[in-house]
Amino acid sequence: MLARTCLRSARSVAPVRNVASKTASRSASTSSSSEGAASSFTMTVAGSAATAVAVGSIAWYFHLFGQEAYAMTPAEEGLHPTSYPWEHLKWNKTFDHQALRRGFQVYREVCASCHSLNRVAWHALVGATHTVDEAKTMAEEHEYDTEPNDEGEIEKRAGKLSDPLPSPYKNDEAARAANSGALPPDLSLIVKARHGGCDYLFDLLTGYPEEPPAGAAVPAGLNFNPYFPGTGIAMARQLYDGLVEYEDGTPATASQMAKDVVEFLNWSAEPEMDERKKMGMKVVVVSTVLFALSVWVKRYKWSPIKTRKIVYNPPVKH
Amino acid sequence: MAGLASTIYNSLIRKNTVFLTTIFASAFVFELGFDSISNRVWDSFNQGRQWKDIRHKYVQAEEDEE
Amino acid sequence: MSALTSRSSALLRTCARQRLAPIAATSMAAQRRGKADQATSSFDSPFRGETSSTKIPSFASYKSSKGETSNKVFQYFMVGTMGMLTGVGAKATVQDFLVNMSASADVLAQAKVELDLSAIPEGKNVIIKWRGKPVFIRHRTADEIKEAEDAKWESFRDPQPDSARAKKPEWLVMLGVCTHLGCVPIGEAGDFGGWFCPCHGSHYDISGRVRKGPAPLNLEIPEYDFPSETSIVIG
């Protein structure tokens, strides 16, 4: 129906089309026609003008939208982190669990005084960095609120494996009050939550200069760190050589501690990484074979169709 | 060769039910084998990195303390 | 890259070729028929000097040198292997979704409750929460144990001897949920010196067996264990 309507309308515009095609054929054959000279000049002018308009509008559009927009000054952006060859970020590597254990030690002895890690429970450490008994012992060192008892009072009890790691402050307000207005962020997902991930955290932890460079404005109560967006960070430098004594005897340099704690925080952000990569490897292997097989089967099924020849036997004349 | 092929064809493929059963049985066997092989490959990629590789240090230490 | 592609496609082509033989045969037959009809055909070939419409090239070089059976075995092997791998993948996928529904690590961590028994004096009830439900733990006295064991349990509504309800006779561990409609019974109450459900008046004896009232079953016993003399793990 629609097609028929279209056809009818096409027929009604046929004269117009004829005129248009005539014009087109004339301009296409200008070089050979007698009125060529003037017409070729107009065509050149028109063509050049059209080109100029096209180029100009593209240039204008690019001027408006094509360029990268920098909303921030480089200082506000922060120095981009160096890309480090993290072993655990390779596609076929798990976390180094010895490093996780060291990293947890660093977190517990250094970071935990201000930062919470409340999406990690004690039982998560079991089988990753600590044995059941170690985790139980550590959990029992902390007190947690009980559920309301018969009188509705909330009492204290020793921690259990099912409890999350304790927060250093009761709530965000208490944390702000204790840190002159700055809230130490929860570190559970910090590796996923910051641009640059592990690289950024490592650079942030180890990138505090001895003193701010000349000309840098450091507001009162803040510290200078070139990697932190805005360069003024409320956290002071925390990691110094020998701050922690590792139980496995690894020399506790500042960069070693930073590396370990960053790896630990990466684990806390994605504890499933080991399993995920292992499963990914299996999936890739099986899918590759499956893909090759399916290509073969496709060709197998199509080969009669692709190689057939249709023979036309014309009718016999009588 | 031809004898082997026709033996396989007649025993496993000729009847559709047998063929399907063969496929499912081999899927079961394959899964076991593939899992164990890929786990072994994975462990060799990650020698000394996983918890099971360092666990003995801490379990041992605790038994000594007791 | 292109070398690899061409080689792999050549390989695949070789694999796919084996089906060609019968097709070639049919088209040959067609050609022959064409030739027979040729003399009287009205066909006017657009190609100069060409009288036949059916010029079929020779497919002889594509013909498999192996027998039919071994080619079939190979073809079924390829298809079967694909089915097998698909099956393995589908099974793993379904399994992952089902495992997703099982208890998560934080629930499992709460699934067991450990309790110090030395803090419970004889003849006292303790109520703890386990998986969101109350659990009664009673340190029974010698008299109570005797009473529980001597009761004529065969005639009860839900006949159970006391030995089936307590692993150690001095410790009775039960889920504190009335089997009638799920109220929490009151301890040391009721006509039989055990528990009494205030909602609809079910009476339980000192072994937690229902003796009177609408409750159909005895109080449920959770799984528990005594890892040492003075501690209990429920769950």
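Begin by selecting A:Phe202, which is buried because its relative accessibility is 11%; here buried means under 20% relative accessible area, exposed over 50% and partly exposed in between, with a 1.4 Å probe and protein chains only. The model is predicted: local features need pLDDT of at least 70, side-chain atom pairs count only at pLDDT 80 or more, and totals for chains, interfaces and linings use all residues. Residues are numbered from 1 along each chain as its sequence is written, chains are lettered from A and ligands numbered from 1 in the order in which they are written, and side-chain values use heavy atoms, without hydrogens and water.

Rings of Phe, Tyr and Trp (its six-membered ring) pair if their centres lie within 6.5 Å; planes under 30 degrees apart count as stacked, over 60 as edge-to-face and the rest as tilted. Both residues belong to helix H2 (residues 16–45) of chain B, four residues apart, about one turn of the helix. Helices (H or I, at least four residues) and strands (E, at least two) are DSSP runs, numbered from the N terminus. B:Phe34 is buried at 18% relative accessible area, whereas B:Phe30 is partly exposed at 26%.

Over all chains, the count comes to 17 aromatic pairs. One of them joins A:Tyr84 and A:Phe202: the ring centres are 4.9 Å apart and the planes stand at 70 degrees, so the pair is edge-to-face. A:Tyr84 lies in the loop between helix H4 (74–77) and helix H5 (97–109) of chain A, and A:Phe202 in helix H10 (residues 197–206) of chain A, 118 residues apart. A:Tyr84 is partly exposed, at 29% relative accessibility.

Then select A:Phe104, A:Tyr107, A:Phe264 and A:Trp267, which ring pairs link into a cluster.

Two arginines come next. A:Arg101 lies over the face of B:Tyr58, 3.3 Å from the ring centre. The charged end of A:Arg102 sits over the ring of A:Tyr246, 5.8 Å from its centre. A charge sits over a ring if NZ of Lys or CZ of Arg is within 6 Å of the ring centre and within 35 degrees of the ring normal.

Finally, turn to chain C. An open sheet of three strands there has the order S2-S3-S4, with antiparallel pairing; two strands pair if DSSP finds at least two bridges between them. The edge strands are S2 (124–130) and S4 (171–175) of chain C, each pairing on one side only. Seven bridges join S2(C) to strand S3 (residues 133–139) of chain C. To view one bridge, select C:Ile127 and its partner in S3(C), C:Phe136.
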